[in-house]
Amino acid sequence: MSLLMSTVANDSGLRSGLRLGLPLAIAAALAFGMSGAWARGLIDAGWTPGAAVTVRIWVAALVLLVPTILALRGRWKLLRRNLGMIAAYGLLAVTATQLFYFQAVAVMDVGLALLIEYTAPIAVVLWLWMRRGEKPTGRSILGALIAFVGLVLMLDVLSGRSVDVGGILWAFGAMVGAAAYFLLSGRSDTGLPPIALAGSGLLVGALGLTVAGLVGILPMTWNTDDVTYRFGTVPWFVPVLAIGVIATALAYVLGIASTRLLGSRLASFIALAEVVAALLFGWLLLGQLPNLLQGVGAALVLAGVVVVKLGEPAASGSGDPALAVPAEELAEPS
(Lines give C-alpha, C1' and ligand atoms only; values in the text may rest on other atoms or scores of the structure.)
Protein backbone atom coordinates (compact mmCIF):
# COMPACT_ATOMS: atom_id res chain seq x y z
CA MET A 1 0.00 0.00 0.00
CA SER A 2 2.80 2.39 0.93
CA LEU A 3 4.59 1.55 -2.32
CA LEU A 4 1.41 2.37 -4.28
CA MET A 5 0.97 5.67 -2.45
CA SER A 6 4.61 6.55 -3.09
CA THR A 7 4.23 5.75 -6.80
CA VAL A 8 1.08 7.85 -7.06
CA ALA A 9 2.77 10.74 -5.22
CA ASN A 10 5.84 10.57 -7.46
CA ASP A 11 3.69 10.44 -10.60
CA SER A 12 1.65 13.41 -9.36
CA GLY A 13 4.81 15.37 -8.62
CA LEU A 14 6.22 14.52 -12.05
CA ARG A 15 3.05 15.68 -13.80
CA SER A 16 2.99 18.87 -11.73
CA GLY A 17 6.64 19.59 -12.50
CA LEU A 18 6.03 19.01 -16.21
CA ARG A 19 2.96 21.26 -16.27
CA LEU A 20 4.88 24.11 -14.66
CA GLY A 21 8.34 23.41 -16.05
CA LEU A 22 7.34 23.08 -19.71
CA PRO A 23 5.92 26.61 -20.19
CA LEU A 24 8.80 28.06 -18.13
CA ALA A 25 11.35 26.30 -20.35
CA ILE A 26 9.65 27.51 -23.55
CA ALA A 27 9.47 31.07 -22.21
CA ALA A 28 13.18 30.90 -21.30
CA ALA A 29 14.06 29.70 -24.80
CA LEU A 30 12.11 32.53 -26.42
CA ALA A 31 13.72 35.11 -24.12
CA PHE A 32 17.26 33.80 -24.69
CA GLY A 33 16.64 33.55 -28.43
CA MET A 34 16.17 37.28 -28.96
CA SER A 35 19.54 38.32 -27.49
CA GLY A 36 21.71 37.76 -30.56
CA ALA A 37 19.57 39.84 -32.93
CA TRP A 38 19.30 42.78 -30.52
CA ALA A 39 23.06 42.60 -29.82
CA ARG A 40 23.96 42.49 -33.52
CA GLY A 41 22.19 45.85 -33.94
CA LEU A 42 24.38 47.35 -31.20
CA ILE A 43 27.52 45.85 -32.71
CA ASP A 44 26.66 47.20 -36.16
CA ALA A 45 26.16 50.62 -34.53
CA GLY A 46 29.75 50.62 -33.26
CA TRP A 47 29.62 48.69 -29.99
CA THR A 48 32.23 46.01 -29.37
CA PRO A 49 30.88 42.58 -28.37
CA GLY A 50 32.61 43.00 -25.00
CA ALA A 51 30.78 46.26 -24.29
CA ALA A 52 27.43 44.82 -25.39
CA VAL A 53 27.71 41.73 -23.21
CA THR A 54 29.05 43.67 -20.20
CA VAL A 55 26.13 46.10 -20.27
CA ARG A 56 23.75 43.19 -20.76
CA ILE A 57 25.05 41.30 -17.73
CA TRP A 58 25.21 44.42 -15.50
CA VAL A 59 21.61 45.35 -16.32
CA ALA A 60 20.46 41.81 -15.51
CA ALA A 61 22.54 41.63 -12.31
CA LEU A 62 21.12 44.94 -11.03
CA VAL A 63 17.56 43.90 -11.91
CA LEU A 64 17.98 40.68 -9.90
CA LEU A 65 19.96 42.16 -6.98
CA VAL A 66 17.00 42.92 -4.69
CA PRO A 67 15.07 39.74 -5.63
CA THR A 68 18.24 37.73 -4.90
CA ILE A 69 18.62 39.29 -1.45
CA LEU A 70 14.94 38.68 -0.69
CA ALA A 71 15.16 35.06 -1.88
CA LEU A 72 18.13 34.34 0.40
CA ARG A 73 16.32 35.80 3.44
CA GLY A 74 19.57 36.27 5.34
CA ARG A 75 20.89 32.77 4.58
CA TRP A 76 24.30 34.07 3.54
CA LYS A 77 25.90 30.75 4.45
CA LEU A 78 24.32 29.34 1.27
CA LEU A 79 26.50 31.71 -0.77
CA ARG A 80 29.62 30.76 1.18
CA ARG A 81 28.88 27.06 0.92
CA ASN A 82 28.31 27.25 -2.85
CA LEU A 83 31.03 29.79 -3.64
CA GLY A 84 32.80 27.47 -6.08
CA MET A 85 29.62 26.66 -7.96
CA ILE A 86 28.57 30.32 -8.15
CA ALA A 87 32.00 31.26 -9.50
CA ALA A 88 31.85 28.46 -12.09
CA TYR A 89 28.32 29.48 -13.06
CA GLY A 90 29.23 33.17 -13.34
CA LEU A 91 32.40 32.62 -15.34
CA LEU A 92 31.32 29.70 -17.55
CA ALA A 93 27.52 29.63 -17.83
CA VAL A 94 27.20 33.44 -17.93
CA THR A 95 30.40 35.22 -18.97
CA ALA A 96 31.91 32.71 -21.41
CA THR A 97 28.62 31.74 -23.03
CA GLN A 98 27.36 35.26 -23.64
CA LEU A 99 30.69 36.85 -24.56
CA PHE A 100 31.66 34.13 -27.02
CA TYR A 101 28.18 34.13 -28.55
CA PHE A 102 28.25 37.90 -29.06
CA GLN A 103 31.72 37.62 -30.60
CA ALA A 104 30.33 35.00 -32.99
CA VAL A 105 27.23 36.98 -34.04
CA ALA A 106 29.45 39.96 -34.82
CA VAL A 107 30.72 38.08 -37.89
CA MET A 108 28.05 35.47 -38.70
CA ASP A 109 24.26 35.05 -38.72
CA VAL A 110 22.75 34.81 -35.24
CA GLY A 111 20.80 31.63 -36.00
CA LEU A 112 23.83 29.76 -37.31
CA ALA A 113 25.95 30.86 -34.35
CA LEU A 114 23.30 29.60 -31.95
CA LEU A 115 22.99 26.28 -33.76
CA ILE A 116 26.69 25.69 -33.21
CA GLU A 117 26.28 26.67 -29.54
CA TYR A 118 23.45 24.18 -29.20
CA THR A 119 25.63 21.22 -30.02
CA ALA A 120 26.33 21.51 -26.27
CA PRO A 121 24.69 18.12 -25.45
CA ILE A 122 27.36 16.45 -27.59
CA ALA A 123 30.03 18.28 -25.60
CA VAL A 124 28.44 17.05 -22.36
CA VAL A 125 28.55 13.45 -23.59
CA LEU A 126 32.21 13.78 -24.62
CA TRP A 127 33.13 15.50 -21.34
CA LEU A 128 31.52 12.76 -19.25
CA TRP A 129 33.34 10.16 -21.35
CA MET A 130 36.77 11.78 -20.91
CA ARG A 131 36.29 12.91 -17.31
CA ARG A 132 34.30 10.07 -15.80
CA GLY A 133 34.77 7.20 -18.24
CA GLU A 134 31.07 7.09 -19.25
CA LYS A 135 31.30 5.77 -22.80
CA PRO A 136 28.70 7.13 -25.23
CA THR A 137 26.17 4.69 -26.64
CA GLY A 138 25.99 3.79 -30.31
CA ARG A 139 22.98 6.08 -30.67
CA SER A 140 24.95 9.00 -29.21
CA ILE A 141 27.81 8.40 -31.65
CA LEU A 142 25.33 8.25 -34.55
CA GLY A 143 23.75 11.51 -33.39
CA ALA A 144 27.14 13.19 -33.21
CA LEU A 145 27.93 12.11 -36.78
CA ILE A 146 24.56 13.42 -38.02
CA ALA A 147 25.18 16.74 -36.28
CA PHE A 148 28.68 16.94 -37.79
CA VAL A 149 27.31 16.46 -41.32
CA GLY A 150 24.73 19.11 -40.53
CA LEU A 151 27.42 21.52 -39.39
CA VAL A 152 29.35 21.04 -42.64
CA LEU A 153 26.22 21.84 -44.68
CA MET A 154 25.14 24.66 -42.39
CA LEU A 155 28.49 26.43 -42.64
CA ASP A 156 28.26 26.12 -46.42
CA VAL A 157 31.88 24.99 -46.77
CA LEU A 158 31.16 22.60 -49.67
CA SER A 159 30.18 25.47 -51.96
CA GLY A 160 33.62 27.05 -51.56
CA ARG A 161 32.10 29.98 -49.75
CA SER A 162 34.47 31.85 -47.43
CA VAL A 163 33.96 30.79 -43.81
CA ASP A 164 34.84 33.04 -40.90
CA VAL A 165 36.96 30.64 -38.85
CA GLY A 166 37.10 33.06 -35.93
CA GLY A 167 33.31 33.25 -35.73
CA ILE A 168 33.04 29.45 -35.77
CA LEU A 169 35.59 29.12 -32.96
CA TRP A 170 33.76 31.75 -30.88
CA ALA A 171 30.51 29.83 -31.41
CA PHE A 172 32.14 26.59 -30.27
CA GLY A 173 33.41 28.43 -27.18
CA ALA A 174 29.82 29.47 -26.48
CA MET A 175 28.87 25.80 -26.82
CA VAL A 176 31.22 24.89 -23.96
CA GLY A 177 29.65 27.59 -21.80
CA ALA A 178 26.16 26.33 -22.67
CA ALA A 179 27.13 22.82 -21.61
CA ALA A 180 28.23 24.25 -18.25
CA TYR A 181 24.91 26.10 -17.99
CA PHE A 182 22.86 22.91 -18.29
CA LEU A 183 25.10 20.94 -15.95
CA LEU A 184 25.10 23.57 -13.22
CA SER A 185 21.50 24.77 -13.54
CA GLY A 186 20.17 21.25 -13.04
CA ARG A 187 21.77 20.79 -9.61
CA SER A 188 19.10 20.86 -6.93
CA ASP A 189 21.30 19.89 -3.97
CA THR A 190 22.74 23.35 -3.34
CA GLY A 191 19.86 24.87 -1.37
CA LEU A 192 20.15 28.02 -3.50
CA PRO A 193 16.82 29.37 -4.82
CA PRO A 194 16.89 29.63 -8.65
CA ILE A 195 16.73 33.43 -8.55
CA ALA A 196 19.65 33.55 -6.08
CA LEU A 197 21.82 31.36 -8.32
CA ALA A 198 20.96 33.50 -11.33
CA GLY A 199 21.49 36.79 -9.49
CA SER A 200 24.77 35.83 -7.84
CA GLY A 201 26.11 34.21 -11.02
CA LEU A 202 25.25 37.27 -13.09
CA LEU A 203 26.96 39.54 -10.55
CA VAL A 204 30.13 37.42 -10.69
CA GLY A 205 29.98 37.53 -14.49
CA ALA A 206 29.47 41.30 -14.57
CA LEU A 207 32.42 41.90 -12.21
CA GLY A 208 34.64 39.56 -14.21
CA LEU A 209 33.82 41.29 -17.50
CA THR A 210 34.37 44.74 -15.97
CA VAL A 211 37.79 43.78 -14.63
CA ALA A 212 38.72 42.32 -18.03
CA GLY A 213 37.69 45.61 -19.66
CA LEU A 214 39.54 47.80 -17.17
CA VAL A 215 42.84 45.95 -17.58
CA GLY A 216 42.54 46.04 -21.38
CA ILE A 217 41.97 42.32 -21.99
CA LEU A 218 38.47 42.94 -23.32
CA PRO A 219 37.98 45.84 -25.78
CA MET A 220 35.18 48.15 -24.62
CA THR A 221 33.71 50.64 -27.09
CA TRP A 222 30.15 51.94 -26.96
CA ASN A 223 28.10 54.97 -27.95
CA THR A 224 24.62 56.48 -27.61
CA ASP A 225 23.82 56.53 -31.34
CA ASP A 226 20.44 55.25 -32.50
CA VAL A 227 20.37 51.59 -33.55
CA THR A 228 18.86 50.45 -36.83
CA TYR A 229 16.92 47.23 -37.28
CA ARG A 230 14.80 45.85 -40.07
CA PHE A 231 11.65 47.49 -38.70
CA GLY A 232 13.23 50.89 -38.11
CA THR A 233 15.54 52.90 -35.84
CA VAL A 234 15.35 52.95 -32.04
CA PRO A 235 17.31 54.69 -29.23
CA TRP A 236 20.34 52.75 -27.96
CA PHE A 237 18.73 51.95 -24.62
CA VAL A 238 15.91 49.93 -26.22
CA PRO A 239 18.15 46.98 -27.26
CA VAL A 240 20.18 47.36 -24.05
CA LEU A 241 17.07 46.96 -21.88
CA ALA A 242 15.71 44.20 -24.13
CA ILE A 243 18.83 42.03 -23.83
CA GLY A 244 19.46 42.95 -20.17
CA VAL A 245 16.00 42.60 -18.65
CA ILE A 246 14.20 40.12 -20.92
CA ALA A 247 16.92 38.10 -22.66
CA THR A 248 19.13 37.79 -19.56
CA ALA A 249 17.57 38.47 -16.14
CA LEU A 250 14.19 36.92 -16.95
CA ALA A 251 15.67 34.23 -19.18
CA TYR A 252 18.19 32.94 -16.62
CA VAL A 253 15.62 32.78 -13.81
CA LEU A 254 13.11 30.95 -16.02
CA GLY A 255 15.86 28.66 -17.32
CA ILE A 256 17.12 27.61 -13.88
CA ALA A 257 13.60 27.14 -12.49
CA SER A 258 12.50 25.02 -15.46
CA THR A 259 15.70 22.93 -15.41
CA ARG A 260 15.17 22.07 -11.74
CA LEU A 261 11.58 21.04 -12.45
CA LEU A 262 12.33 19.07 -15.62
CA GLY A 263 15.93 17.94 -15.14
CA SER A 264 18.78 19.04 -17.39
CA ARG A 265 18.15 16.23 -19.92
CA LEU A 266 14.56 17.25 -20.76
CA ALA A 267 15.26 20.96 -20.27
CA SER A 268 18.08 20.88 -22.83
CA PHE A 269 15.70 19.23 -25.32
CA ILE A 270 13.12 21.98 -24.91
CA ALA A 271 15.82 24.66 -24.98
CA LEU A 272 16.38 23.76 -28.64
CA ALA A 273 13.36 26.00 -29.21
CA GLU A 274 15.84 28.84 -28.63
CA VAL A 275 17.36 28.04 -32.02
CA VAL A 276 13.98 28.53 -33.69
CA ALA A 277 13.48 31.74 -31.71
CA ALA A 278 16.92 33.02 -32.75
CA LEU A 279 16.17 32.34 -36.41
CA LEU A 280 12.81 34.08 -36.04
CA PHE A 281 14.24 37.17 -34.32
CA GLY A 282 17.18 37.19 -36.74
CA TRP A 283 14.66 37.45 -39.58
CA LEU A 284 12.35 39.95 -37.84
CA LEU A 285 15.09 42.31 -36.61
CA LEU A 286 17.90 41.80 -39.13
CA GLY A 287 16.40 40.12 -42.20
CA GLN A 288 18.77 37.15 -41.82
CA LEU A 289 17.66 33.78 -43.18
CA PRO A 290 19.75 30.68 -44.01
CA ASN A 291 19.79 29.41 -47.60
CA LEU A 292 18.31 26.03 -48.54
CA LEU A 293 21.54 24.06 -47.99
CA GLN A 294 22.12 25.74 -44.65
CA GLY A 295 18.49 25.02 -43.70
CA VAL A 296 19.02 21.31 -44.38
CA GLY A 297 22.22 21.44 -42.33
CA ALA A 298 20.41 23.17 -39.46
CA ALA A 299 17.74 20.45 -39.46
CA LEU A 300 20.45 17.76 -39.35
CA VAL A 301 22.18 19.51 -36.43
CA LEU A 302 18.94 19.58 -34.46
CA ALA A 303 18.19 15.96 -35.36
CA GLY A 304 21.70 14.91 -34.36
CA VAL A 305 21.44 16.62 -30.98
CA VAL A 306 18.09 14.92 -30.33
CA VAL A 307 19.56 11.50 -31.21
CA VAL A 308 22.51 12.17 -28.88
CA LYS A 309 20.16 13.07 -26.04
CA LEU A 310 18.03 9.96 -26.67
CA GLY A 311 21.19 7.87 -26.57
CA GLU A 312 22.28 9.06 -23.13
CA PRO A 313 22.26 6.25 -20.55
CA ALA A 314 19.90 6.77 -17.64
CA ALA A 315 21.72 7.95 -14.55
CA SER A 316 21.37 6.08 -11.31
CA GLY A 317 19.15 7.74 -8.80
CA SER A 318 18.20 11.04 -10.32
CA GLY A 319 17.73 9.83 -13.86
CA ASP A 320 19.83 12.75 -15.04
CA PRO A 321 23.54 12.23 -15.57
CA ALA A 322 24.29 15.92 -15.50
CA LEU A 323 23.09 16.34 -11.95
CA ALA A 324 25.71 13.99 -10.63
CA VAL A 325 28.61 16.14 -11.83
CA PRO A 326 30.14 18.22 -9.03
CA ALA A 327 30.50 21.91 -9.83
CA GLU A 328 34.03 21.81 -8.46
CA GLU A 329 35.02 19.25 -11.11
CA LEU A 330 33.51 21.40 -13.85
CA ALA A 331 35.52 24.40 -12.68
CA GLU A 332 38.80 22.47 -12.75
CA PRO A 333 40.84 22.44 -15.96
CA SER A 334 40.73 19.10 -17.74
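The model is predicted. The chain has 334 residues, and 51% of them count as buried. Its secondary structure comes to 15 helices and 2 strands.

**Overall fold**
- An unreviewed UniProt entry annotates "transmembrane region" over residues 55-72, 84-104, 110-129, 141-159, 165-184, 196-222, 234-254 and 266-286.

**Two of the annotated spans**
- Residues 196-222, one of the spans in the UniProt annotation, are 70% helix and 0% strand in the model.
- The end C-alpha atoms of residues 196-222 are 30 Å apart.
- Residues 234-254, also in the UniProt annotation, are 86% helix and 5% strand.
- For residues 234-254, the distance between the end C-alpha atoms is 27 Å.

**Helix 10**
- Helix 10 runs over residues 194-214, a stretch of 21 residues.
- At 1.5 Å a residue, helix 10 should span 30 Å, and its end C-alpha atoms are 30 Å apart, so the two values agree.
- An α-helix has 3.6 residues a turn, so residues three or four places apart point the same way.
- Gly 216 follows helix 10 and has a positive phi, near 90 degrees.

**Thr 248**
- Thr 248 sits in helix 11, which covers residues 237-262.
- Thr 248 counts as buried because its relative accessibility is 0%, and buried means under 20%.
- Leaving out residues up to four places away in sequence, Thr 248 touches Arg 56, Ile 57, Ala 60, Leu 202 and Ile 243.

**Cavities**
- The whole structure holds 5 cavities of 30 Å³ or more.
- The volume of the largest cavity is about 130 Å³.
- Fifteen residues line the largest cavity, and Phe 32, Thr 97, Gln 98, Glu 117 and Glu 274 are the closest to its centre.
- The lining of the largest cavity is made up of 9 nonpolar, 3 polar and 3 charged residues.
- Helix 5 (83-105), helix 6 (110-117) and helix 9 (165-185) each give at least two residues to this lining.
- Helix 5 contributes the most, with 4 residues.

Definitions and conventions: Residues numbered from 1 in each chain as written. Predicted model: local features only at pLDDT ≥ 70, side-chain atom pairs only at ≥ 80, totals over all residues. Heavy atoms only, no water. Buried < 20%, exposed > 50% of the residue type's maximum accessible area, 1.4 Å probe, protein only. Contact = heavy atoms within 4.5 Å. 1 Å grid on protein atoms, 1.4 Å probe; cavity = no way out; pocket = protein on both sides within 12 Å on 5 of 7 lines; lining within 4 Å. Points joined across faces, edges and corners; volume = space filled by probe spheres on them. Nonpolar A, V, L, I, M, F, W, Y, C, P; charged D, E, K, R; others polar. UniProt positions renumbered as here; feature names shortened; annotations may be inferred. Expected span 1.5 Å × (residues − 1).
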